[in-house]
Amino acid sequence: TSLAQIDLEEAFRELNEDRQRQLAFYERLESLDPEAQKWLRGLVEQRMQLLENNLNSLGNLLRLLLDNNDMSEELIAETDEFHQFLLGNLLWVRNFSFLEPELLYSQLAILTHPENWIGLPRSLAGGYSELSWSPIMLAVVLLALLLRWRLRPVYESLLKQPVVLSGATLWNILAGLLLTVLLAAPWPIVMYVTGYILNASPAEGPFAGALGPALMYTSRILYALLFARLIVGRISVGRRFLKWDARMLDRVRAELNWAGPLICLSFLINRFTFHLDVASSGGSLGAIATAACAVTAIVVSVRLLRSEVFDGATMVRWGLRASMIVSVGVLLMLAMGLLFAAEMYLVALARTIVVLLEIKVVSDMLERWLLILRARMQREARLQQRSHEDADSAEEQEDQVDMLSLSEAHAKLLGMVRVVATVAALWMIWSPSLPALNLFESVT
């Protein structure tokens, strides 16, 4: 629109301000008969009028577009405020319909009906034919499964190499993390693509329509669990390169072996029943799945807290206590009929665990990099000391103090990065639940 307006302004300016062009036009005009002169003058005036009208129209259009942008920004801000208001109110809406036996029976009937499961291949075929990029998605799934088969030996051979504190260690850590990300991806990709195809099926019923989004959502939970299972394995990046405590990893891995499948299945049932019965926030099965996930988190937290391995890990113990408190709160919310709030806080807890794991991996990788850098600087300092054998003991002591202060600076910097990242992540995850506190402002 702006370019069109510029072109029109230049054409209008040339028509009015080009003096030589006007003189040449009027000289040719004098040689014509009066009737032709009349028609030409009319065409020129008509062109000038059209250009002026177009300029005015484009100016009005630009003003309308600017006004529309301002109104859109105001609408977005008001929508966000209304969303926060609704969220704060929905957190305290009680719903005891999940206690009705009829609702539980109807949900179980839909979940266990043979025709619903028999019709899944037909729904998958319909969704596959409906999507234009279905062959690409199928190729991605096959490629992911093939890569997992080919990259597994590479991953194991990388972790079996001797660990030497050098510049190559950092690249080994990055390569190990990349391989861990790729090895954990295939089965979640299969689950997500299956749910996506079911969701796109034109003839989907209530069963396939609820199962598709549930599979898409649960694929992220499955990926987080598989990634955690790989990184805390007996031979893993966390144990070999990041130097995590082997006894802690064994305890966490033992809990993941039984709690991981249960948590994944609970989230799948929860999201399935939520899309099956949105009005009751998942109904009876959704409440049972949420309670099962919360109880699992409580059991895992209690078992890890009772383990002597974590006695010296103060921050880990505080995190386990916070996880147990939130999970108990989720059970209390379910007992009070606050299904929406219980599910919201449970999802926030899961996201917190995933984000804290990511911060732990990244910060420990930075710590290893700083350790490699400090070791390299110390080695260079020793070489310089050997080349200057006539240096006195005072200068050597000063070099040692400089190295010590550099180590303390690195530790302080890394600690500050961890604290800032953790606080920012916790605020982003838990801030959606804060609008509920705004309801008390109207009371006070």
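Predicted model: local features only at pLDDT ≥ 70, side-chain atom pairs only at ≥ 80, totals over all residues.
Residues are numbered from 1 along each chain as its sequence is written, and side-chain values use heavy atoms, with hydrogens and water left out.

**View 1. Helices α13 and α14, packed together.** Here α13 (residues 283–306) meets α14 (residues 314–335) at an angle of about 155°, axes 9 Å apart. That makes the two roughly antiparallel (over 145 degrees; under 35 is roughly parallel, 65 to 115 roughly perpendicular, the rest oblique). Axes are lines fitted to C-alpha atoms, for helices over the stretch in contact, and angles run from 0 to 180 degrees between N-to-C directions. Helices are DSSP runs (H or I, at least four residues), numbered from the N terminus. On the α13 side, the contact (heavy atoms within 4.5 Å) includes A287, A291, A294, I298 and L305, and on the α14 side L320, M324, V328 and L331 are among the partners. The contact residues split into 15 nonpolar, four polar and two charged (Ala, Val, Leu, Ile, Met, Phe, Trp, Tyr, Cys and Pro are nonpolar; Asp, Glu, Lys and Arg charged; the others, Gly among them, polar).

**View 2. Helix α10 passing α15.** The axes of α10 (residues 206–231) and α15 (residues 339–387) come within 12 Å and cross at roughly 40°, so this pair is oblique. This crossing is left-handed too. Y217, A224, F227, A228 and I231 of α10 touch V347, V354, L357 and V361 of α15. That's nine nonpolar residues, with no polar and no charged ones.

**View 3. A ring cluster of W117, F207 and F272.** The model has six aromatic pairs (Phe, Tyr or Trp rings, the six-membered one for Trp, with centres within 6.5 Å; planes under 30 degrees apart are stacked, over 60 edge-to-face, the rest tilted). W117 and F207 sit edge-to-face, 5.0 Å centre to centre with 70° between the planes. They bring together α5 (residues 114–118) and α10, 90 residues apart in the chain. W117 is partly exposed at 44% relative accessibility, while F207 is buried at 4% (buried is under 20% relative accessible area, exposed over 50%, partly exposed in between; 1.4 Å probe, protein chains only). F207 also pairs edge-to-face with F272, at 5.5 Å and 70°. F272 lies in α12 (residues 246–276), 65 residues from F207, and is buried as well.

How values were computed:
Left-handed = near helix turned anticlockwise from the far one by under 90°.
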